[in-house]
Amino acid sequence: MGKKKPVVVVTRKLPEVVETRMRELFETRLNESDRPYTQAELVEAMRTADVVVPTVTDRIDGAVLSQAGPNLKLIANFGNGVDNIDVLTANNRGINVTNTPGVLTEDTADMTMALMLAVPRRLSAGIQALANNEWSGWSPTWMLGHRIWGKRLGIIGMGRIGQAVARRAKAFGMSIHYHNRRRVPTDVEEALEATYWESLDQMLARMDVVSVHCPHTPGTFHLLSARRLKLLKKDAYIVNTARGEVIDENALIRLLENNELAGAGLDVFEHEPAVNPKLAQLENVVLLPHMGSATIEGRIEMGEKVIINIKTFMDGHRPPDRVLPSML
Ligand code: 8YV
């Protein structure tokens with residue numbers, strides 16, 4: 001008789017190939033309806049599973065973790081960001097946490113560029129004008145936006161995604177600036193012709209476009225506070241494909257309403273899935289429903305990472321994408 005398969009609870013619907021493989025390998029419980037779990041359902045999963053596979057829509061906080069059953073040894077997050085999980089408490093309770101880094105880097109960087117182009121070049125306004133039948137023909141002074149070529153891009157968080165954005169933006173003729181906890185290696189800086197700013201405040205005041213690529217941690221919550229947002233130039237644009245919590249959303253809305261900022265491209269929001277209705281009323285914004293990594297290829301690769309993490313762990317080895325509290 002073979003080894004007993006681990007009970008794996010997957011909280012949301014994943015690509016079919018991923019679910020099928022998981023069913024082959026593990027005693028997998030799927031969520032056919034894809035309805036997000038309630039906190040009570042999440043607790044039930046934590047009580048009965050050996051492994052839970054949550055997503056960004058599951059809040060695994062101290063209260064949920066305190067009710068985990070004795071068999072739960074791994075939370076294999078389907079996602080890169082782990083701000084939905086209290087990693088420290090999980091670790092203290094002997095529960096490992098893994099994520100899916102690397103496989104959504106390029107997709108998220110692409111979406112960042114899409115927003116970086118869409119806002120200054122007024123893509124939404126143009127699409128809307130056609131949809132409303134408001135186009136009477138070409139005009140030399142109609143629908144003018146701003147070019148990004150030759151502009152300064154300030155990247156906050158120069159990890160995998162920040163660097164992937166920098167590579168793209170460089171090819172679009174932007175000059176690359178960045179702020180990061182640690183300076184990146186010289187060869188990376190040289191390849192990107194990137195300028196490092198130790199002081200985020202100093203960088204913000206000089207940039208034409210600012211793009212957020214740091215994780216959401218207690219240390220980065222409202223990193224772009226009301227005070228810092230005020231440092232931005234009036235004609236600057238801000239793009240966020242990381243986490244809404246990094247920006248004080250109310251302060252951002254106030255600046256946009258008063259035209260103290262040129263515009264914003266947002267794929268993430270502070271209180272997802274709620275989107276502040278004031279944002280939708282603004283003309284100088286492009287809003288997307290957390291689609292940064294939403295490609296079929298990426299989602300399948302995320303699933304493959306989850307499977308490798310579970311399999312490695314169950315075989316008694318250290319899973320490749322283990323997240324430790326010290327990394328956050
Ligand atoms: C994912 C993300 O779709 O991986 C992340 O950190 O923000 C998203 O792109 C989501 O987290 C899935 O759980």
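Reader: How much area is buried between domain 1 and domain 2?
Author: In this predicted model, the area buried between domain 1 and domain 2 is about 530 Å². Carbon and sulfur atoms give 37% of that area.

Reader: Which residues of domain 1 supply that area?
Author: D83, P101 and T295 supply 61% of what domain 1 buries against domain 2, more than any other three residues.

Reader: How many residues are in contact across the interface?
Author: Eight residues of domain 1 are in contact with seven residues of domain 2.

Reader: What about salt bridges there, how many are found?
Author: One salt bridge is found across the interface of the two domains. D83 forms a salt bridge with R243, and their closest N and O atoms are 3.1 Å apart.

Reader: What classes of residue make up the side of domain 1 that touches domain 2?
Author: That side of domain 1 has three nonpolar residues, four polar residues and one charged residue.

Reader: How many residue pairs are in polar contact across the interface?
Author: Three residue pairs are in polar contact between domain 1 and domain 2.

Reader: Changing topic: how many cavities of 30 Å³ or more does the whole structure have?
Author: The search finds one cavity of that size. The largest cavity has a volume of about 40 Å³.

Reader: Which residues line the largest cavity?
Author: Its lining consists of N240, G244, I247, E249, L252, L266 and V268.

Reader: And by class, what is in that lining?
Author: The lining of the largest cavity has four nonpolar residues, two polar residues and one charged residue.

Methods
Residues numbered from 1 in each chain as written. Predicted model: local features only at pLDDT ≥ 70, side-chain atom pairs only at ≥ 80, totals over all residues. Heavy atoms only, no water. Contact = heavy atoms within 4.5 Å. Buried area = accessible area lost by both parts, 1.4 Å probe. Salt bridge = Lys/Arg side-chain N within 4 Å of Asp/Glu carboxyl O. Polar contact = N/O pair within 3.5 Å; in protein donor to acceptor, adjacent residues only side chain to side chain. Nonpolar A, V, L, I, M, F, W, Y, C, P; charged D, E, K, R; others polar. 1 Å grid on protein atoms, 1.4 Å probe; cavity = no way out; pocket = protein on both sides within 12 Å on 5 of 7 lines; lining within 4 Å. Points joined across faces, edges and corners; volume = space filled by probe spheres on them.
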